[in-house]
Amino acid sequence: MKKWTNFIAVFFLSLFLIAGCTDINNQEVEQTSHSDMKQLFKVDVQKVKLDGSNGDFVTITDKENLNLLGIAFGNIQWNQNVEPPLMEKREDIKASLFYDLDKDKEPKKIADYAIWFNSDETATIIMEDRIFGELDKENAKILRAILISD
């Protein structure tokens, strides 16, 4: 009987260690990129000025723009298990996406994104300073048009 008790204790200890070491953020990226983008509730945007200072916050709640942003963010090609590159300059845009996942609760902020618009008309996105992705020209143009309104 003692042998089984020890076995069960070791089994549960191992299970807890494995669960504790799992990278939840990678699961979150998968959920975010494949979730129903119709639940995008709002996007908070902050443009970074040419001198490197932060601009004012703008909140986007227009359904048409949110749908377009949801599609664009859903098309980010995430580079899993790769360190984000060191960028030569500050990001062009900071964005926080909020999803209305449960009607009984407050909208949930999924993540903060730093977005760079590249000279080849693509975009580089770093999520929470840990995970980075790339966006093709077509979707980068959508982000630029909606997020940068001069």
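**Charged pairs and their surroundings**

Guide: In this predicted model, Glu121 has a relative accessibility of 43% and counts as partly exposed.

Visitor: Why is Glu121 called partly exposed?

Guide: Buried requires under 20% and exposed requires over 50%, so the 43% of Glu121 falls in between and the residue counts as partly exposed.

Visitor: What makes Lys141 and Glu121 a salt bridge?

Guide: The closest N and O atoms of Lys141 and Glu121 are 3.7 Å apart, and because the rule asks for a side-chain nitrogen of Lys or Arg within 4 Å of a carboxyl oxygen of Asp or Glu, the pair qualifies. Lys141 lies in helix 4 (residues 137–147) and Glu121 in the loop between strand 5 (108–117) and strand 6 (123–127), so the pair ties together parts that are 20 residues apart in sequence.

Visitor: What is the phi of Glu121?

Guide: Glu121 is not a glycine, yet its phi is positive, at about 70 degrees.

Visitor: How do you know that Asp92 forms a salt bridge with Lys89?

Guide: Their closest N and O atoms are 2.6 Å apart, which is within the 4 Å limit, so this pair also meets the rule. By this rule the count comes to two salt bridges.

Technical notes. Residues are numbered from 1 along each chain as its sequence is written. This is a predicted model: local features need pLDDT of at least 70, side-chain atom pairs count only at pLDDT 80 or more; totals for chains, interfaces and linings use all residues. Side-chain values use heavy atoms; hydrogens and water are left out. Helices (H or I, at least four residues) and strands (E, at least two) are DSSP runs, numbered from the N terminus. Buried means under 20% relative accessible area, exposed over 50%, partly exposed in between (1.4 Å probe, protein chains only).
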